Amino acid sequence: GDSSQSPETGEAAVYTCPSCGAQIVTDATTAASFCYYCHNPVVFSGRLSGDHMPDFVIPFAIDKKEATSRFLSWIGKKKFVPGDFFSRDQIEKLSGIYFPYLIYSCQVDGQAEAEAEEQRTWVSGRTRYTEHKRYQVERAGTLEVKNLTRNALKKSNKELVEGVLPFDMEKLLPFQMGYLSGFQAERRDMDGESFAGEAEQEVKQYTLDRLRSSMDTYSSVRIKDSSMEIRDPRWQYALLPVWVMTYGHRAGGKTYYFAMNGQTGKMVSDLPVSRKRYWTWWAGITAGISAAVALVGAVAAAL
């Protein structure tokens, strides 16, 4: 298709649906979608090339029928959600989307020096004894870090795309374009440099915590010195499956969301509240309390 630039919306592209001929306009990060007219899947293979070609994918393990069933079972326990949030038209908007994530792996050589103490108390006869020992403790080792995951899409709802974590990264497969057929996908617009400092600090702290945990046999431990060296740092790009449904609440104008991990079924949401349902429930509770009070009063009067 032809590319175009709009000063109001930023970069955009126009594609022609091979099934019905409709023109499909997408933003710069959309990699795959559906034709809005005939609902046939359209894969924009030109968007996922070079540096933007994913290394891995985790396919959807939960299909739409199962995702819908789990959603209805879950939402049925929410008393105050508006009925149109889970209406038939709304449920049809439940979409399978491959979100982009960056995966960090490395090796860390760490060492720590600490001052540890042991204390033992016992009683012999009428005398209490306390033995206090102090040690110089050193620990060192190499830790392999795999699959530290970060959201790689700036425009995404952070709570949504990070709330469905973690995924079972043992199920990562080499990326093939065919996995996108029938689903939507987003192309990453962030790279590893955006998270490098944060990721390095996290793995260094994790390594220190592991070294510290190996000293738990002592009564107390105080780390005096430590050093961490990261080797072979690498970022890889993966598309991971998420079922998503959004809802524009008319009353407040806010967009709410529901998301489900398409592999594990873990759910995360930001739900609207129906004031009508809430006050109806509260009126029922109040009426019940009033009736109980009246009954107690009547019994007391009869006595």
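**View 1. Asn 147 sits in strand 8 of this predicted model.** Strand 8 covers residues 127-151. Zoom in on the backbone here: Asn 147 has a positive phi of about 65°, although it isn't a glycine. For context, most residues other than glycine have a negative phi.

**View 2. Asp 232 is another non-glycine residue with a positive phi.** For Asp 232 the angle comes out at about 50°. You'll find this residue in strand 11, which takes in residues 220-248.

**View 3. A cis peptide bond links Leu 165 to Pro 166.** Omega at this bond is about 5°. Most peptide bonds are trans, as a reminder. Pro 166 belongs to the loop that runs between helix 3 (158-163) and strand 9 (173-174).

**View 4. Phe 71 and Trp 74 pair up within helix 1.** The structure has 13 aromatic pairs in total. In this one, the ring centres of Phe 71 and Trp 74 are 6.3 Å apart and the planes make an angle of 40°, a tilted arrangement. Helix 1 spans residues 64-75, and the two partners are three residues apart in it, about one turn of the helix. Phe 71 is buried, with a relative accessible area of 1%.

**View 5. Trp 74 also pairs with Phe 258.** Here the centres are 5.2 Å apart with the planes at 40°, so this pair counts as tilted. Trp 74 is in helix 1 while Phe 258 is in strand 12 (residues 255-261), so the contact ties together parts that lie 184 residues apart in sequence. Both Trp 74 and Phe 258 are buried.

**View 6. Four aromatic residues gather into one cluster.** The members are Phe 60, Tyr 98, Phe 183 and Trp 243. Pick out these four side chains together to see the cluster.

**View 7. Arg 120 lies over the face of Trp 122.** The distance from Arg 120 to the ring centre of Trp 122 is 4.2 Å.

**View 8. Arg 188 lies over the face of Tyr 237.** In this view, Arg 188 is placed 5.1 Å from the centre of the Tyr 237 ring.

Key:
Residues numbered from 1 in each chain as written. Predicted model: local features only at pLDDT ≥ 70, side-chain atom pairs only at ≥ 80, totals over all residues. Heavy atoms only, no water. Phe/Tyr/Trp six-rings, centres within 6.5 Å; stacked < 30°, edge-to-face > 60°. Helix = DSSP H or I, 4+ residues; strand = E, 2+ residues; numbered from the N terminus. Buried < 20%, exposed > 50% of the residue type's maximum accessible area, 1.4 Å probe, protein only. Lys NZ or Arg CZ within 6 Å of the ring centre and 35° of its normal.
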